[in-house]
Amino acid sequence: MGSISTSPATVELHGRTYQLPRRPTVVVCIDGFDPEYLQAGCEDGILPTMASFVKAGFAQTAKCAMPSLTNPNNLSIITGAPTQAHGISGNYYLDRETGEEHMVLDDTLLRGSTILEQMANAGVRVAAVTAKDKLRKIINHGLSPKKGAVCFSAQNAGDCTEEEHGIKDVEKWLGRPAPPQYSGELSLFTLDAGLKLLKENRADLFYLTLSDYVQHKYAPRSKESNEFLKEIDARLGEFVKLGAVVAVTGDHGMSDKSTEAGEPNVFFLEDALHSRWPESSARVICPIADPFVKHHGALGGFVRVHLLGDKSAVGEMVEYCRGLPQVEVAYTGEEAASVFEMPLDREGDLVVVSRKDVAIGARADEHDLSQLKGHRLRSHGGLSEQAIPLLKSTPADPQYDLQAKGWRNFDIFDLILNH
């Protein structure tokens with residue numbers, strides 16, 4: 001549509017109904033947006049825009065989908081549902097049929113549609129801009145320039161074409177080159193692109209999803225994280241000044257997983273299982289693994305264990321894992337799928353979640369920790385990183401039950417479009 005629709009039309013997905021936007025509507029996913037960053041920034045007066053959301057708009061602490069990782073939660077946010085609905089429950093997985101391991105780099109595993117696709121089908125002009133291109137290839141599901149959609153990544157801004165992305169010459173258009181993938185600038189480029197699209201009236205509904213490179217390296221109140229969040233906050237303020245309604249959440253939180261000496265506090269589960277069961281075919285999969293591993297070494301708080309041969313030891317292994325001091329919870333795959341609302345047919349035989357201060361890996365020889373030199377290991381994936389802010393620039397409808405609801409990050413489109 002050429003402008004914001006006055007039609008009462010709605011779209012439906014996974015049992016939820018969403019009104020079409022009546023004014024510019026901007027949803028921002030700040031990757032790694034732990035509530036401590038928001039609390040510290042508001043207390044220190046460095047986040048005036050988000051502080052205004054807290055004071056005069058809508059603010060709750062919500063939970064993300066499990067595992068607390070990028071791919072599953074971005075898909076949950078744009079589908080309004082837990083991972084059992086859309087089928088993507090990790091960045092990396094083992095195919096149970098073939099025994100092969102794969103990175104999730106596109107929408108092949110996605111089940112069903114997205115809110116963005118349904119909005120585009122209804123005539124809403126959608127703009128989806130991501131920091132990382134691997135996420136762009138997932139979020140792009142069902143979007144097409146033929147539907148008036150724009151979808152590109154900051155990472156590959158120099159390669160955009162009208163035919164694939166709905167926009168070309170992005171670097172020239174925005175007036176600067178695409179930033180390095182390992183930088184906070186990648187996220188700021190994403191937001192600036194969204195701002196320019198809004199100023200040029202090229203979209204009605206925006207989904208802008210950032211990178212957690214800074215949060216993996218820098219704790220709340222550090223100089224680097226403060227500067228980064230101040231830049232994000234200023235851009236959120238610009239969206240509001242331009243007349244947009246803005247909602248902000250995160251895909252996951254972030255925890256320090258280092259020893260007092262500053263070394264990574266890592267437990268290698270596959271090594272431990274093979275030591276206890278030497279003949280076992282246990283294979284530990286770290287679903288946090290993605291092409292951006294420099295800042296976390298493919299180490300997080302959630303792993304899946306697949307028994308590639310005899311599965312008779314599953315019960316014993318679960319009990320063994322539950323007794324480990326590094327572990328918060330351990331479940332059979334069936335139990336985990338039920339507890340965490342994940343797709344059972346894509347689950348491992350065991351699921352193990354580490355304590356907040358511990359990262360859990362597969363084998364010591366599989367994880368390159370050399371890139372972490374000089375920085376504490378900060379990562380996510382487990383229950384400890386579920387909490388994230390859920391903010392909106394304007395108050396919610398008074399009829400919206402603010403007290404009884406257990407807020408999730410994937411409520412954000414319902415919040416901003418319906419309330």
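Predicted model: local features only at pLDDT ≥ 70, side-chain atom pairs only at ≥ 80, totals over all residues.
Figure 1. Domain 1 is made up of two stretches of the chain, 14-254 and 382-418, whereas domain 2 covers 266-379.

**Figure 2. Extent of the interface between domain 1 and domain 2.** Contact across the interface involves 42 residues of domain 1 and 35 residues of domain 2. About 3500 Å² of area is buried between domain 1 and domain 2, and carbon and sulfur atoms give 56% of this area.

**Figure 3. Polar contacts and the elements of domain 1 that face domain 2.** The side of domain 1 that touches domain 2 draws at least two residues from each of α1 (35-43), α4 (83-86), β5 (92-94), β6 (101-103) and α10 (213-217). Of these, α10 gives the most to that side, with 4 residues. Sorted by class, the side of domain 1 that touches domain 2 consists of 20 nonpolar, 12 polar and 10 charged residues.

Figure 4. Side chains of opposite charge can pair when their charged atoms come close. Across the interface of domain 1 and domain 2 there are 3 salt bridges, and the count for the model comes to 31 salt bridges. R408 forms a salt bridge with E341, in which the closest N and O atoms are 3.4 Å apart. A network of salt bridges links E101, E270, R283, R363, D365 and E366.

**Figure 5. The buried pair E347 and R304.** A salt bridge joins the side chains of E347 and R304, with a distance of 2.4 Å from N to O. Because E347 lies in the loop between α14 (333-340) and β16 (350-354) while R304 lies in strand β14 (residues 302-307), the pair ties together parts that are 43 residues apart in sequence. Both E347 and R304 are buried.

**Figure 6. The pair E238 and K241 within helix α11.** E238 and K241 both lie in helix α11 (residues 223-241), where they are 3 residues apart, about one turn of the helix. The two residues form a salt bridge whose closest N and O atoms are 3.7 Å apart. E238 counts as partly exposed, at 30% relative accessibility, whereas K241 counts as exposed, at 68% relative accessibility.

**Figure 7. The pair K196 and E200.** K196 and E200 form a salt bridge, the closest N and O atoms being 3.4 Å apart. K196 is partly exposed, with a relative accessible area of 25%, and E200 also counts as partly exposed, at 34% relative accessibility.

Figure 8. R125 is placed in the loop between α5 (115-121) and β7 (126-130). Because its relative accessible area is 11%, R125 counts as buried, the cut-off for that class being under 20%. The side chain of R125 reaches the backbone oxygen of N201 at 2.6 Å, and a polar contact of 2.7 Å joins the side chain of R125 to that of D204.

Technical notes: Residues numbered from 1 in each chain as written. Heavy atoms only, no water. Domains from an automatic or database assignment. Contact = heavy atoms within 4.5 Å. Buried area = accessible area lost by both parts, 1.4 Å probe. Salt bridge = Lys/Arg side-chain N within 4 Å of Asp/Glu carboxyl O. Nonpolar A, V, L, I, M, F, W, Y, C, P; charged D, E, K, R; others polar. Buried < 20%, exposed > 50% of the residue type's maximum accessible area, 1.4 Å probe, protein only. Polar contact = N/O pair within 3.5 Å; in protein donor to acceptor, adjacent residues only side chain to side chain.
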